[in-house]
Amino acid sequence: MRSDAIKIGVQRAPHRALLKALGITDKDMNKPFIAVVNSFTNVIPGHMHLNQIATAVKEGIISAGGVPFEFNTIGICDGIAMGHNGMRYSLPSRELIADSVEVMVQAHRFDGIVLISTCDKITPGMLMAAARLNIPALMITGGPMLSGIYRGKKVGTDSMFEAIGKVSAGKMDEKELKCLEDVACPSCGSCNGLFTANTMACVTEALGMSLTGCATPLAVSSKRLRIAKETGERIVGLVKEELKPLDILSIEAFENAIMVDMALGGSTNTVLHVTAIA
């Protein structure tokens with residue numbers, strides 16, 4: 001195992017001592033060390049629940065005979081960053097995320113990786129890191145938020161942008177705008193529409209980098225937690241099988257993902273991200 005570099009032999013006694021400070025036992029030293037790369041933050045609605053998902057992933061890893069180690073990456077909410085100078089920092093954050101994952105995994109010699117993401121630049125950034133590292137890796141995405149209901153109709157993030165135009169055109173007053181903004185985004189999860197986050201979740205599944213059925217369950221659903229646990233279990237299997245991202249990310253996988261994206265009518269931002277991953 002890759003992790004033998006930090007836990008086997010006389011010269012690694014200091015390393016083992018430090019690992020034991022974390023609560024790692026002698027028995028654990030014989031198990032695969034799995035990185036759980038969480039992007040939890042309470043800045044992004046799509047990421048505010050990822051600690052729950054991380055817990056389920058770690059339970060799956062332990063039940064399958066691995067040892068989970070969790071660390072975090074940064075994340076930017078494109079919706080909140082939009083319309084001002086903050087948007088200049090969104091795409092560059094993808095590269096920072098890819099670099100930070102690569103640095104942590106290489107420095108600590110993990111045997112496998114579970115990547116936990118939801119939103120726009122975080123998902124491709126993590127996939128870029130997985131491809132660069134080429135050690136067993138799986139992603140679980142956080143799922144879409146619930147739709148809001150306003151005057152008997154479903155509403156979401158896009159409804160707010162349309163509402164701004166209606167206010168400007170005198171077709172909606174600010175009181176009604178306030179009522180709409182109170183209900184448009186009613187839960188955790190990615191923005192409730194086929195925008196970049198949900199499109200990339202579908203692309204990730206079509207590429208084969210997340211489990212079948214991972215892309216679409218709601219963020220608040222118990223199915224999402226079950227998939228998280230299954231992802232944790234499966235990554236241990238991938239390590240034992242030595243199945244790596246470059247075994248999965250074939251030309252045919254990318255063609256499949258592009259066809260899925262086109263069939264769904266997904267975000268055009270995937271052009272930026274799929275090419276970067278490839």
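**Entry 1**

I looked up polar contacts between domain 1 and domain 2 and found two residue pairs, both at pLDDT 80 or more. A polar contact is a pair of N or O atoms within 3.5 Å; within protein, one must be able to donate a hydrogen and the other to accept it, and residues adjacent in sequence count only if both atoms are side-chain atoms. By class, the side of domain 1 that touches domain 2 has four nonpolar, one polar and no charged residues. Here Ala, Val, Leu, Ile, Met, Phe, Trp, Tyr, Cys and Pro count as nonpolar, Asp, Glu, Lys and Arg as charged, and the others, Gly among them, as polar.

I noted that this is a predicted model, where local features need pLDDT of at least 70, side-chain atom pairs count only at pLDDT 80 or more, and totals for chains, interfaces and linings use all residues. Residues are numbered from 1 along each chain as its sequence is written, and side-chain values use heavy atoms, with hydrogens and water left out.

How many salt bridges lie between domain 1 and domain 2? I found zero. A salt bridge is a side-chain nitrogen of Lys or Arg within 4 Å of a carboxyl oxygen of Asp or Glu.

**Entry 2: domain bounds and buried area**

I checked the bounds next. Domain 1 covers 31-145 + 189-277, and domain 2 covers 147-186. These bounds come from an automatic or database domain assignment. The centres of the two domains, taken over C-alpha atoms, are 31 Å apart.

Five residues of domain 1 are in contact (heavy atoms within 4.5 Å) with ten residues of domain 2. I read the buried area between the domains as about 470 Å², with 62% of it on carbon and sulfur atoms. In domain 1, Met145, Asn192 and Phe195 lose the most area to domain 2, together 75% of what that side buries. Buried area is the accessible area (1.4 Å probe) that two parts lose on being put together, summed over both.

**Entry 3: Val155**

I found Val155 in strand β6 (residues 153-155). Helices (H or I, at least four residues) and strands (E, at least two) are DSSP runs, numbered from the N terminus. Is Val155 buried or exposed? Val155 is buried, because its relative accessible area is 10%. Buried means under 20% relative accessible area, exposed over 50%, partly exposed in between (1.4 Å probe, protein chains only). Leaving aside neighbours within four places in sequence, its contacts include Leu180, Val183 and Asn192.

**Entry 4: Lys121**

Lys121 sits in the loop between β3 (112-117) and α5 (122-133). I read its relative accessibility as 7%, so Lys121 counts as buried. Its side chain joins that of Ser90 in a polar contact of 3.3 Å. Beyond four places in sequence, Lys121 also touches other residues, among them Asp78, Arg94 and His273.

**Entry 5: two positive phi angles**

Most residues other than glycine have a negative phi. I looked for exceptions. Asn134 has a positive phi of about 50 degrees although it is not a glycine. Asn134 lies in the loop between α5 and β4 (137-141). Its relative accessible area is 22%, so Asn134 is partly exposed.

Arg151 has a positive phi of about 55 degrees, and it is not a glycine. I placed Arg151 in the loop between β5 (148-150) and β6. Arg151 counts as exposed because its relative accessibility is 66%.

**Entry 6: Cys77**

Where is Cys77? I found Cys77 in the loop between β2 (67-72) and α3 (78-81). Cys77 is buried, with a relative accessible area of 13%. Not counting residues up to four places away in sequence, Cys77 touches Val43, Ile44 and Pro45.
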